Amino acid sequence: MQSTQRTRIRKTPDGRRAEIAVAARAMALEEGLQSVTQRAVAGQASIAPALVAHYVGSMDELVAETFEAIVGDELDEVAALLEAMPDPLARIAGLIETLLGGSRHDVTLVWVQAWSAGRRNEALADAVRRQMDNWQALIRDVIDEGVEASVFRCDDPAGAAWHLLAMVDGLNAHALVRWGAPAAQETAARRAAEALLGLDAGSLARTAEAGTG
């Protein structure tokens, strides 16, 4: 019987870095950002830990890049969902529904752990601040559009966007430990948004119901 010898394929540096990034992302979404360690990523990618150290500038940088990739993709996804909605009122209602609907807890865990770990990882802290700015800008743009269309009454769109973002972040953190019912959280966020944007009480709930009906 003739034996066959497996040919080893040497990956390019870019290919290896991409492999490591994919492994780190999968671990962060499944087990949280704190699971992204050199040994764990090496195991996920089926490579030696020394290769992770060789191809990654530092684990702090890899954690920051992993965070930014995950939340950046979520931002792009939500922006596309909002773009497909017919008007600013529907976009605010849709934003609250998609962010508090319970389907994004894996990304919420990444955010919560990033806020904590960012105290000791400046690269991660920079990434968190940058992505929070991006989220605030997305919400502010929707509010600006609503003000221009006379749908919203708001003297400080940037401040209202910050307020809504902070509330959604807090409610999502509560949801990780199952504190508060999802329906009550959405109701609280809608009421806050209605007050901030000069909307009639219940208008966002009615818009959400019309969009899913």
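Threonine 108 is buried, with 9% relative accessible area. The model discussed here is predicted. Threonine 108 sits in helix H6, and beyond its neighbours within four places in sequence it is in contact with Asn172, Ala173 and Leu176.

A second residue of helix H6, which covers residues 105-117, is glutamine 113. Its relative accessible area is 13%, and the cut-off for buried is under 20%, so glutamine 113 is buried. With neighbours within four places in sequence set aside, the contacts of glutamine 113 are Gly32, Leu33 and Gln34.

**Overall fold**

The protein chain contains 10 helices and zero strands. Read from the N terminus, the order of elements is α-α-α-α-α-α-α-α-α-α. Along the principal axes, the C-alpha atoms fill a box of roughly 80 × 45 × 35 Å. The chain has 213 residues, of which 42% count as buried. When contacts between residues at least 6 apart in sequence are considered, 64% of them join residues at least 24 apart.

**Nonpolar core**

The largest nonpolar core is made up of 57 residues. Within this core, the residues with the most contacts are Val41, Phe67, Ile92, Leu124, Trp135 and Ile143. Helix H4, residues 59-83, gives the most to the core, contributing nine residues.

What is leucine 124 in contact with, leaving aside its neighbours within four places in sequence? The partners of leucine 124 are Leu33, Val63, Ala64, Phe67, Ala114, Ala117 and Gly118. One of these, Phe67, is also listed among the residues with the most contacts inside the core.

**Helix pairs involving H4**

Helix H1 covers residues 13-31, and its axis comes within 9 Å of the axis of H4, with a crossing angle of roughly 70 degrees. Angles of 65 to 115 degrees count as roughly perpendicular, so H1 and H4 are roughly perpendicular to each other. The handedness of this crossing is right-handed. On the H1 side the contact is made by Ile20, Ala24, Arg25, Ala28 and Leu29, and on the H4 side by Leu62, Thr66, Ala69, Ile70 and Asp73. Sorted by class, the contact of H1 with H4 has seven nonpolar residues, one polar residue and two charged residues.

The axes of H4 and H6 come within 10 Å and cross at roughly 135 degrees. This angle makes H4 oblique to H6. H4 and H6 pass each other in a left-handed crossing. H4 supplies Phe67, Ile70, Val71 and Glu74 to the contact, while H6 supplies Val107, Val110, Trp111 and Ala114. By class, the contact of H4 with H6 has seven nonpolar residues, no polar residues and one charged residue.

Ile70 of H4 takes part in the contact with H1, and Ile70 is also named in the contact with H6. Phe67 of H4 belongs to the contact with H6, and Phe67 is in contact with leucine 124 as well. Ala114 of H6 is part of the contact with H4, and Ala114 too is in contact with leucine 124.

**Loop residues with positive phi**

| Residue | Phi | Relative accessibility |
|---|---|---|
| Serine 46 | about 60 degrees | 66% |
| Serine 150 | near 60 degrees | 65% |

Serine 46 lies in the loop between helix H2 (38-45) and helix H3 (49-55). Its phi is positive although serine 46 is not a glycine. Is serine 46 buried or exposed? At 66% relative accessibility it counts as exposed, because the cut-off for exposed is over 50%.

Serine 150 is found in the loop between helix H7 (122-148) and helix H8 (157-176). Phi is again positive in a residue other than glycine. With 65% relative accessibility, serine 150 counts as exposed.

**Alanine 184**

Alanine 184 is located in helix H9, which covers residues 182-197. Its relative accessibility is 46%, and alanine 184 therefore counts as partly exposed. How far apart are alanine 184 and glycine 159 in space, C-alpha to C-alpha? The distance is 24 Å, and the two residues are 25 residues apart in sequence.

Key:
Residues numbered from 1 in each chain as written. Predicted model: local features only at pLDDT ≥ 70, side-chain atom pairs only at ≥ 80, totals over all residues. Heavy atoms only, no water. Helix = DSSP H or I, 4+ residues; strand = E, 2+ residues; numbered from the N terminus. Buried < 20%, exposed > 50% of the residue type's maximum accessible area, 1.4 Å probe, protein only. Contact = heavy atoms within 4.5 Å. Core = buried A, V, L, I, M, F, W, Y, C linked by side-chain atoms within 4.5 Å. Axes fitted to C-alpha atoms, helices over the stretch in contact; angles between N-to-C directions. Parallel < 35°, antiparallel > 145°, perpendicular 65-115°, else oblique. Left-handed = near helix turned anticlockwise from the far one by under 90°. Nonpolar A, V, L, I, M, F, W, Y, C, P; charged D, E, K, R; others polar.
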